[in-house]
Amino acid sequence: MPDRPPFPGRPAQPPGPTYLQYSPDGQRLIVAGVGNFARSFRTGDNGEPDLLPETHEETYAVASGNDYVILGCEDGTVCEYAVPSGDLRQILVRFTLPIRDIALSPDEKWIAVSSDELPIKLINRDDIEEIFVLSEHPKPIKHLTYDPSGRYLAASCTNGVIYIYSTTTPHPSLFRTIDGVINRLETAETTTSRCVWHPDGRAFACATPTRDIQVISVEDGAHQRVFSGAHNGDITSLAWSPNGALLASSSADDQLVIWETKAQTILKRFNYEKIINLAWQSTGENIFNWTTSQGELFIIPEFLKDEAHVRLLKGPKVRAPFFHDPLDANGRKPLVNGQAKRAGTPDSLDDLVGPEDEYDWIEDDDGAGYINENGKRTNGHLGQVNGHAMKRNKQELWQPHIHEPFQPGATPWRGNRKYLCLNLIGFVWTVDQDTHNTVTVEFYDREMYRDFHFTDPFLYDKACLNENGTLFSCPAKDSQPAMIFYRPHETWTTRSDSRISLPDGEEATCIALSSRYIVAVTNKHYVRVWTLFGTPVRLWRMKSSPSVTCAAWGDFVMTVGNGPVGADGCTQLMYSIDDVRRDENCQNEDVLALGTLPPESSTEEEVSLKALFWSDVGDPCVYDSNGVLLTLLHWRTPGQAKWVPLLDTRLLDRLKNGKKEETYWPVAVAAEKFHCIILKGGDKSPYFPRPLLTEFDFQIPVSRPVEKEGDDDEEETSAEAVVRLEESFVRSSTLLGLVDDLVQGLGDRAGHAQKTEVVKREIEVDKILLQLLAVECREGEERGMKALEIVGLLRDRSGKMLEAAAKVAGRWNRTVLEDKIRDYAERRLMGMDEDS
Amino acid sequence: MALPLPPGLTPSEVGFLCEMELVTVIPRQRLEGLELLGGPTQSLNPPFPAPLPLWLALLLKRQKRANISPPPWLSVEGLSSILQFETDNRTAEVFSPAPALPQPTGFGSRHDAYLSQDSLEFSPPFLADSSTTRSQSNALPYHWLELGHLLLTHASDDFDDPDTVRRLLRDLREVRMSKLRKGFKVLDAGAGVKMNGVGGMEVAEVRGFVGGIVDGLRKINRSREESRKEREAEERENGLGSSSYQDDEDDMQL
């Protein structure tokens with residue numbers, strides 16, 4: 001038997017679906033429904049409501065401003081009425097089929113309307129002739145909601161997919177689709193599939209077919225936390241409290257449930273009849289309202305009785321329940337919630353509750369910390385400089401921009417899962433199960449390695465994977481020290497469970513695994529090196545700190561740290577390469593040049609290092625946020641190293657027509673190709689299911705490619721050939737340099753194959769030069785000077801190449817050139833060459 | 001004894017020919033290079049993609065030893081741009097063009113490249129890389145229908161959105177078949193239909209019908225042809241005398 005609400009219902013409409021909405025200032029509650037009238041209840045006034053006498057019949061959707069209300073009706077009209085007079089101001093739009101939902105943008109300029117017709121229409125309230133039509137979805141839309149910042153429009157489609165349109169672009173475009181969350185519901189059903197935005201604008205909640213409430217973050221589309229286990233009937237309505245601390249939900253089995261956002265627990269449960277729509281008073285008063293299918297409206301002042309609950313309702317803003325809040329991991333990231341958008345509204349939420357700094361205050365609020373409550377790690381391990389201290393001091397004190405530490409190959413948390421490591425051997429990913437994680441390691445080569453999966457009570461947050469084994473590291477937790485765990489893929493003993501413990505207060509900021517050593521860079525800026533099975537070998541302090549990242553290959557360890565501050569206010573990255581076995585220093589605190597920000601882009605704050613890895617033949621490579629892949633040439637000789645760009649992904653042919661918007665997530669450099677994952681749609685990191693790897697050939701940005709004229713692609717023009725050959729000459733020379741370095745570095749240990757490789761590559765380079773010479777000869781007599789210069793570039797150990805060059809000149813009847821080449825060959829043979 | 005099959009290739013035969021096409025495979029385990037009749041294959045080394053003949057790729061796929069990465073034209077973007085080309089009013093009369101031909105190999109000079117001995121020019125269906133990941137994204141290769149069908153049947157889990165791809169492929173097929181059928185209207189003994197860019201399966205599909213019609217037309221015209229020859233022979237024998245009678249007979253035949 002359902003309970004009686006503490007206050008009797010007010011008859012607002014004839015029986016039938018009844019809708020309610022508060023005006024943004026919280027002063028009025030508009031109720032509309034089956035009847036050809038609407039009522040406007042004044043907050044805090046128990047008297048007779050204002051009547052809007054002349055509306056169309058059967059209102060299906062309500063959107064309320066402070067002095068007007070917009071109603072969408074069964075007859076397909078969307079009208080704007082003045083409140084409280086009830087005068088018709090304008091008819092905004094007319095459909096042929098019933099209106100199903102309308103949504104008013106937070107700046108109250110745009111009104112989005114969906115009906116039983118397919119398209120959504122976005123109408124400018126001030127100029128109703130300005131209309132955008134959105135029709136990326138295949139079926140009619142049941143619910144429409146704007147996020148609190150007005151950047152996204154969430155449309156719950158009757159095919160069970162949520163379509164999120166981005167409204168920041170000049171023409172609204174489809175931003176993301178989310179499948180498999182909401183149920184397939186027809187537009188007329190009372191059950192809801194509405195996306196109800198959390199007030200911080202980063203996530204929304206929606207009812208699932210299993211009668212749970214799923215929170216989904218909009219930026220990455222990841223499933224966040226779930227409010228589950230309270231409803232046995234279909235959910236009819238959801239509402240967040242204005243500060244986001246509470247969530248109310250009602251279901252068809254006459255349940256009304258109040259949830260706490262932080263812990264997703266049930267605070268209170270009521271048994272009230274036939275609730276179909278819920279609303280909190282929109283400025284945080286302790287008033288709760290709902291309408292029933294009987295057309296009754298219930299306004300319950302002093303709804304929450306418990307002191308603690310009232311404190312939650314009136315307390316500071318609470319963030320949307322994320323598994324791993326990006327705001328925890330990185331204190332510098334600005335909030336998604338646009339403060340400026342609502343600045344115009346007097347006494348708006350943001351003004352009342354205060355700007356974003358309030359969020360910091362929550363974190364420190366009650367000492368115990370909300371963060372640890374959810375089993376998340378604090379950001380204490382990052383050290384003072386990277387944490388919030390910096391942000392607080394920003395106004396008072398100039399602070400250099402410091403490069404954040406990162407683990408190469410790892411992605412940030414997205415929902416409850418993340419990749420710990422992604423490379424060409426395989427991938428390691430972990431799923432947060434609240435009390436523990438589950439780690440899965442999968443390999444590309446399933447015959448050679450066996451995939452494995454384990455329950456991880458230590459909450460490993462970093463991993464490395466190579467041919468021999470997997471390395472994990474976890475931060476300190478409670479009384480247990482930070483640990484590093486190496487697991488070989490194959491073992492001839494029983495598997496031991498030995499872990500390396502770090503000294504108290506020390507945690508790994510980055511780990512690396514080579515075929516012989518384990519390397520960890522710690523938060524105390526030590527570089528610690530162990531053998532694979534945990535015998536400590538070396539320990540030194542990084543010369544430049546705070547540390548950024550490290551990578552290892554064979555005996556070599558490369559570490560990167562923040563160095564002195566450059567002219568742009570950012571620290572310069574400094575790298576060192578050490579040979580652990582011989583305890584020699586290959587490169588000592590050299591600059592890792594990152595280049596500058598392209599002038600047209602304003603999205604990134606500064607150029608940053610995206611990845612650091614060793615190629616399959618053992619040369620360090622970096623990938624920066626500009627999309628340039630660089631390799632280090634001559635790094636074995638101290639002071640000689642230089643960064644050479646191998647590929648600029650922004651200049652790739654596939655991006656040339658400007659249609660594709662994609663970025664690349666670096667994975668590895670192997671077999672003289674760049675392996676990456678293509679990220680589309682503004683994604684920052686790869687997600688599940690694991691995307692395929694793509695490979696790109698190196699292409700050194702030597703010169704601007706020649707524009708093709710017309711469709712005449714029959715034959716390559718000489719200009720094109722020159723560009724192609726020049727690029728291939730520089731590229732081959734660079735790669736030859738890498739191999740040559742390797743052979744010289746190995747000295748006597750260099751194998752025969754490696755030595756012949758060098759010779760082979762030299763011949764290749766000479767062949768490219770010969771082709772270039774042929775093109776120059778073909779072009780004409782007047783290119784003779786350049787042709788002779790090209791001949792001078794030939795390495796030519798045997799003298800055959802010069803002979804061939806002369807023949808090429810002879811074939812094109814460049815006799816003068818031919819003579820000069822023969823002359824030059826003779827001089828070179830005699831050792832009379834000017835530069836020798 | 002007459003062969004019970006219609007002339008030309010049956011769809012399964014076309015599909016069989018299509019299985020010689022190279023597709024890009026992402027191996028899930030190592031495999032040394034194989035010496036096949038069609039040439040040696042590259043050794044497989046996960047996760048590096050390698051080109052393999054379709055039949056071998058499907059075999060490995062079935063044994064879960066490899067994933068096939070679909071060629072760029074067999075994607076939602078590629079197919080929809082081709083479909084747009086096919087349905088656009090301005091290009092409604094023609095088929096979407098076949099992939100661009102590669103540069104002729106060899107060192108023949110600019111003008112007689114076609115004639116020189118060592119130059120080799122490829123044309124469909126012998127284009128390399130027409131179905132690997134290096135293929136053009138905006139052109140349908142010769143074996144597009146068969147390849148798309150085989151990949152969607154056996155390796156649909158390797159597609160991003162197999163249902164949309166399947167739908168687009170079907171749309172394309174219908175659009176192109178209707179174009180081909182439109183071409184039949186003008187079929188005549190001497191007339192021709194421009195079929196540039198038509199795929200192998202489409203050719204096989206219309207071959208029976210078009211061949212039948214053209215053959216039928218040829219047969220109809222044969223009697224006229226023969227009678228004309230007879231008449232000419234007779235004229236040569238009899239002189240011009242009986243020509244009026246012959247004309248009457250011709251009219252009656254028609």
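The side chain of A:N286 reaches the backbone oxygen of A:L304 at 3.1 Å. That is a polar contact: a pair of N or O atoms within 3.5 Å, where within protein one must be able to donate a hydrogen and the other to accept it, and residues adjacent in sequence count only if both atoms are side-chain atoms. A:N286 sits in the loop between β26 (275-280) and β27 (287-292) of chain A. Strands (E, at least two residues) and helices (H or I, at least four) are DSSP runs, numbered from the N terminus.

This is a predicted model, in which local features need pLDDT of at least 70, side-chain atom pairs count only at pLDDT 80 or more, and totals for chains, interfaces and linings use all residues. Residues are numbered from 1 along each chain as its sequence is written, chains are lettered from A and ligands numbered from 1 in the order in which they are written, and side-chain values use heavy atoms, with hydrogens and water left out.

Is A:N286 buried or exposed? A:N286 counts as buried because its relative accessibility is 4%. Buried means under 20% relative accessible area, exposed over 50%, and partly exposed in between (1.4 Å probe, protein chains only). Not counting residues up to four places away in sequence, A:N286 touches several residues, including A:I300, A:F303, A:V310 and A:K314. Contact here means heavy atoms within 4.5 Å.

Now turn to chain B. Chain B has 7 helices and 5 strands. From the N terminus on, the elements run α-β-β-β-β-α-β-α-α-α-α-α. Of its 254 residues, 35% count as buried. An automatic or database domain assignment divides chain B into domain 1 (12-99 + 124-218) and domain 2 (221-253).

Next, see where the chains meet. Chain B gives 15 residues to the contact, and chain A gives 19 residues. The area buried between them is about 1500 Å², and carbon and sulfur atoms give 47% of that. Buried area is the accessible area (1.4 Å probe) that two parts lose on being put together, summed over both. B:R28, B:P47 and B:F48 supply 37% of the area that chain B buries against chain A, more than any other three residues.

Which side chains meet in a salt bridge? They are those of A:D445 and B:R30, at 2.9 Å, N to O. A salt bridge needs a side-chain nitrogen of Lys or Arg within 4 Å of a carboxyl oxygen of Asp or Glu. Across this interface the rule finds 1 salt bridge.
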